[in-house]
Amino acid sequence: MEVLTSSSAASVSPCFRFSIPNRTSCSGFQFKVGTDSQQWKSLSVRTMEAQLWSPVLCITTSINMSGSCSCSTLSKRRFLLSRFSSKDGWFSVSYGLCLKSKKRRGSSQSQKVMSCSERIRQDVSVVFVGFFTTMLLVTSVSLAVSNMPSWALSEENLLFLEAWRTIDRAYIDKSFNGQSWFRYREDALRNEPMNTREETYVAIRKMLATLDDPFTRFLEPEKFKSLRSGTQGALTGVGLSIGYPVGSEGSTAGLVVISASAGGPADKAGILSGDVILEIDDKSTEGMGIYDAAERLQGPEGSSVEITIRSGPEVKHLALMREKVSLNPVKSRLCEIPGKGKDFPRIGYIKLTSFNQNASTAVRGAIDTLRNNGVNAFVLDLRDNSGGLFPEGVEIAKMWLDKGVIVYICDNRGVRDIYETDGSTAIATSEPLAVLVNKGTASASEILAGALKDNKRAVLFGEPTYGKGKIQSVFQLSDGSGLVVTVARYETPAHNDIDKIGVIPDHPLPTSFPKEEDGFCGCLKDPASACYLNRGQLFSG
């Protein structure tokens, strides 16, 4: 017997043919279920095979001399082999049924054979039920397969999928802002035009926009290269670090200045932390993303950019000349203060401005140099340090701690990883330490400040920090473009989530306390100065 039917939506109309020969024989029957030839372009597994097992009755019918009829099951045999193939969609099933009859003389014996054959028909009916059930199962599978898309993946589709997989693996929110991430992939491949590279970039940006996360973004090859150069020590622009006003994330007018690089164009123009950028080249920053704004501020060396800022009640229009801003992250100074013994007459001041790939090496060098000069206390200035590379922040924390947790990395399910130290790389664990922070202290700076505070290694002075408690990682795609993806949030060793809150210092600083190393030493030496800070208070809890 053979059945051939289509697995499309049309009704199934099987046709059966069955015969039992007169002589001892073994007759087989078979059916197949097929679909129209169709390639599964969206499946990662191209071929699947399966075997099903079921008993088949092989029956011997005999008539003994007393005229009784007996039917006995002789064996159970493997009979069904099924194969799925993504190439053509065929599914075949084969059954075998063996019937064996021994003839005896006499018409009455023939009649008894007929009565015994009724029992055989019952057994065969059971097998037919198995056939029909299996056929329904196979048809259901084939119907599902026939609904799969049949497009061929282009090079542009593959680049889109590479970006999709990166978000799927790395993004912190596994609900993907409350949407089916797999369904989005299928819908985008069906509906988004991806005939050119620019169309593919648009599709990737549109995909990221559904996450509603301003820190997760796509960078074209040149912009990705520029980002990497910024973390490696140099950047062409005006020397500004910018962010959203705390709690707004781009929903209100203006972008806030986190810090201005010392000696850069913005710093020379008098732009301060907390100033609000209202326009860039006559384009309003209302609703503008921070990375779009950063790209507008950067440009060829020697070119100019016009910005409008609000500094307190005053609105200023400024023209800034772009230049190559050196990101040497560390400046240090030895302050010798008159005094004796526990009054800490030799203080080592370290100003850390960014966490690029040179930061930990530069800090280590500054500590070694100052210790060789006999310092007996340190001040680490993190004011207006907008962050940078997360691993550099962790490595610098290890220099000051003999043991303890540095930071907890968390996702939506809780703590995912713990960064801690055993003191093996520490170089300055015994000297008193003060850390200076302000609202321009952000990201990796907050990790470092929080670790030193919660481990009671340092006393913090200043004002609450910026409050960026999320961590991004950078991923390069195959064509040289890249993704910056929010991969986690962090908590300080005391399990404080500082996002949009910041690290709270232990004591305030005088409002006129200087930000450069030369002025710092002066404020510790002159009690008559408005910025004077008692050096004993500086290192007391």
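Predicted model: local features only at pLDDT ≥ 70, side-chain atom pairs only at ≥ 80, totals over all residues.
Biologist: Glad to have that. How many helices and strands are there in the chain?

Modeller: Helices (H or I, at least four residues) and strands (E, at least two) are DSSP runs, numbered from the N terminus. Going by that, the chain has 12 helices and 25 strands.

Biologist: And what percentage of the residues count as buried?

Modeller: Buried means under 20% relative accessible area, exposed over 50%, and partly exposed in between (1.4 Å probe, protein chains only). Of the 541 residues of the chain, the buried share is 44%.

Biologist: Let's turn to the cysteines. Which residue does a disulfide join to Cys335?

Modeller: A disulfide here is a pair of cysteine sulfur atoms within 2.5 Å, and the structure holds 2 of them. In one, the S to S distance is 1.7 Å, and the partner of Cys335 is Cys521.

Biologist: How many residues apart are Cys335 and Cys521?

Modeller: This disulfide joins Cys335 to Cys521. The pair links distant parts of the chain, with Cys335 in strand 17 (residues 330–336) and Cys521 in helix 11 (residues 517–525), and the separation is 186 residues.

Biologist: Is Cys335 buried or exposed?

Modeller: The relative accessibility of Cys335 is 1%. With its 1%, Cys335 counts as buried.

Biologist: What is the handedness of the disulfide of Cys523 and Cys531, left-handed or right-handed?

Modeller: The S to S distance between Cys523 and Cys531 is 1.6 Å. Cys523 is buried at 2% relative accessibility, and Cys531 is buried at 8%. The torsion about their S-S bond is about -95°, so the disulfide is left-handed.

Biologist: Now to helix 9. How many of its residues are buried?

Modeller: The buried residues of helix 9 include Glu392, Val394, Lys398 and Met399. Helix 9 (residues 390–400) is largely enclosed by the rest of the structure, because the buried count among its 11 residues is 9.

Biologist: Are helix 9 and helix 10 roughly parallel or roughly antiparallel?

Modeller: Axes are lines fitted to C-alpha atoms, for helices over the stretch in contact, and angles run from 0 to 180 degrees between N-to-C directions. The axes of helix 9 and helix 10 (residues 444–454) come within 9 Å and cross at roughly 25°. Angles under 35 degrees count as roughly parallel, over 145 as roughly antiparallel, 65 to 115 as roughly perpendicular and the rest as oblique. Helix 9 and helix 10 are therefore roughly parallel.

Biologist: Which residues of helix 10 make the contact with helix 9?

Modeller: Contact means heavy atoms within 4.5 Å. Helix 9 brings Phe390, Gly393, Ile396, Ala397 and Trp400, while helix 10 brings Ile447, Leu448 and Leu452.

Biologist: One last thing: where does Phe176 lie?

Modeller: Phe176 has a positive phi of about 50° although it is not a glycine. At 6% relative accessibility, Phe176 counts as buried. Its place is the loop between helix 2 (155–170) and helix 3 (181–191).

Methods
Residues numbered from 1 in each chain as written. Heavy atoms only, no water.
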